[in-house]
Amino acid sequence: MSKKSKAGSNLGRTLIKDRFGHTPRRKVDNDSMLHTTEVQDGYDWGRLNLSSVTEESSFQEFLRTAELAGTEFQAEKLNIQFINPKQGVGLLSRNERLNIEKKHKDNKDLLKIPRRPKWTPETSAEDLQKAERDSFLDWRRNLALLQEDEDIILTPYEKNLEFWRQLWRVVERSDVIVQIVDARNPLLFRSEDLEKYVKEVNPDKMNMILVNKSDLLTEEQRKHWAEYFDQQGIRTAFFSAALATEELKEEAKNKEEKPAKTEIKERKAQEKDSEENDPTPNEEKESEGEEDEQEETPADISLKELKKAASEINDTLDKLEAKLEKIEQKLPTPEEEKAEKSFMKNSSKLLTREELIELFKNVYDGPKYTANVTTIGLVGYPNVGKSSTINALMTEKKVSVSATPGKTKHFQTLYLDKDLLLCDCPGLVMPSFVLTKADMILNGILPIDQMRDHVPAVNLLCSRIPRHVLEDKYGIIIAKPIEGEDPNRCPHSEELLLAYGYNRGFMTSNGQPDQSRSARYVCKDYVNGKLLYCVAPPTVEQSVYHTFPERVRKEVEEKSLPHQQQRAMRVKTNTSSTELDSKFFTGQNSAAHVKGRTNFPHIRLANDGSLVETDPSAKPWRSVKKERREKLRKKFGHLDQH
């Protein structure tokens, strides 16, 4: 038999050698290990690329232009900044906040939307498109200079000219421009410059604000906003597309149940009538005798029919009069009509679908773009519920719902009634001032799934939502501040996410709670309104405007929790003063240190400084050898208790 090959028995070693042993490290020309971005590969190798290029994207065109100009790009490396998650990262101090708000107020007039250049019927399409592009580039350049010079953070706005062209068309053909805003922060989603542009196009056009998701607000909060918009001189209505959709579903469900019930009732009534109308033989004889004795004349029959018809007419008239009285009570008085037409009195009532449609029909009485038809243009951010509002008004799905810009490509017109036309504009992210990037994440402007740094956003969330509300909502216990800290301070992002991740079972491969995954769930709950925080109007204090409920669950002390949960709630253990004291005093060495050789060979000094007594007959190095061979997994076993 031939000798067996070693390849089968040492396959793993062969693979390791093939991968790591014989392959020399790749080096560049100067024998140094550099990142590929430090080598001029794009410029040098691009010269050898002989493939034909007839069409290319804008990004490829930009890179090719830079290559022709001899421009190279370098990646920034080692620009890592270590932060302490317990320092309130992403939160602004009071002075910083006041300074930024002052900048926003001073530069408010510079925050504009692009205007459509003036044109005439003689203007050619090419000239108009060129003028629109030039005006759009100037607008973008001015906003970029505003961000650089004043160090102001703007929301990411729409940079595609086609979307703004759709807005221009909607404004031109609409009689009333309705801005749909989120009830939790209406001023962030309101564009005052859009209202100015509407008046520039035609002074007869009307601006209006529809506060969607108003079911999240209380009656008192809606009154505050109604009074604020009264002072601003703009008509405002409160509506909830989600609530209207639920009501429509309930009505449809009731309509399906009613036919089945009416069929059963009709069957029972027919059976009862048939039993009553079937005469017995004796009754038949008696009736025959009565017919023989007394026969009715045709005149008597006609009189009975006339009396019956007259009574029915009287009943219907009474019902109509009652309905007319109810309608008259609902109709506004002449004084109320004048107040409504002046657009200075806003109602805080949460409108239903029918009431909102009636408001759209009667809100405008000026010259109309389409004869005898009121055109309502709906404009808003992609995530404020614009498409949901349209679907609720149309009682069926007419527009696809999405929180991502670009779902609706072009504006579309939908006839709600013969005299009411809805004009839906694509969702536009307009430029607006914000304090921090975390504020944009919590307001749903930036996508949560693409969030790279969750610490600032969760810190801001914890500063807005009290500790007891978070504990009641998720059924968790957040670690309390350690001694020396403010006991009433807001929890840090680390404290909330560790408790949430451990409670939900979101763990990483090394046995720690997954903070980034927990952060996405918590932020989505805030955006969806499960963690409710409503921003007050400028005329009302925030503490008075929005109050939180009292604690519901019984407060549990951290000491009563299992040791494993206590460790999961804190990344670093032994942080309390009692643990530090116990560790310090138990580790003290009470033995004396002796220089030179001792006269007691059976007593030695251990590694931790304590005296160890050994057997004089045994070899003194054996115990030392055993101590050095202590398993590391036993020594650091307390770190693997998860």
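Where does His546 lie?

1. His546 sits in the loop between helix 22 (542-545) and helix 23 (563-569); helices here are DSSP runs of H or I with at least four residues, strands are runs of E with at least two, and both are numbered from the N terminus. A word on the basis: this is a predicted model, where local features need pLDDT of at least 70, side-chain atom pairs count only at pLDDT 80 or more, and totals for chains, interfaces and linings use all residues. Residues are numbered from 1 along each chain as its sequence is written, and side-chain values use heavy atoms, with hydrogens and water left out.

2. His546 has a relative accessible area of 9% and is therefore buried (buried is under 20%, exposed over 50%, partly exposed in between, with a 1.4 Å probe and protein chains only). Beyond its neighbours within four places in sequence, His546 is in contact with Gln221, Leu532, Tyr533 and Cys534 (contact means heavy atoms within 4.5 Å).

3. Now to strand 2, residues 176-182, where seven of the seven residues are buried. Val176, Val178, Ile180 and Asp182 are on one side, with Ile177, Gln179 and Val181 on the other.

4. Strand 2 has parallel partners (strands pair if DSSP finds at least two bridges between them). Seven bridges join strand 2 to strand 3 (residues 206-212), and Asp182 stands opposite Asn212 there. Five bridges link strand 2 to strand 6 (residues 374-380), where Ile180 has Gly380 as its bridge partner.

5. Finally, Arg169 belongs to helix 7 (residues 161-173). With a relative accessible area of 34%, Arg169 is partly exposed.
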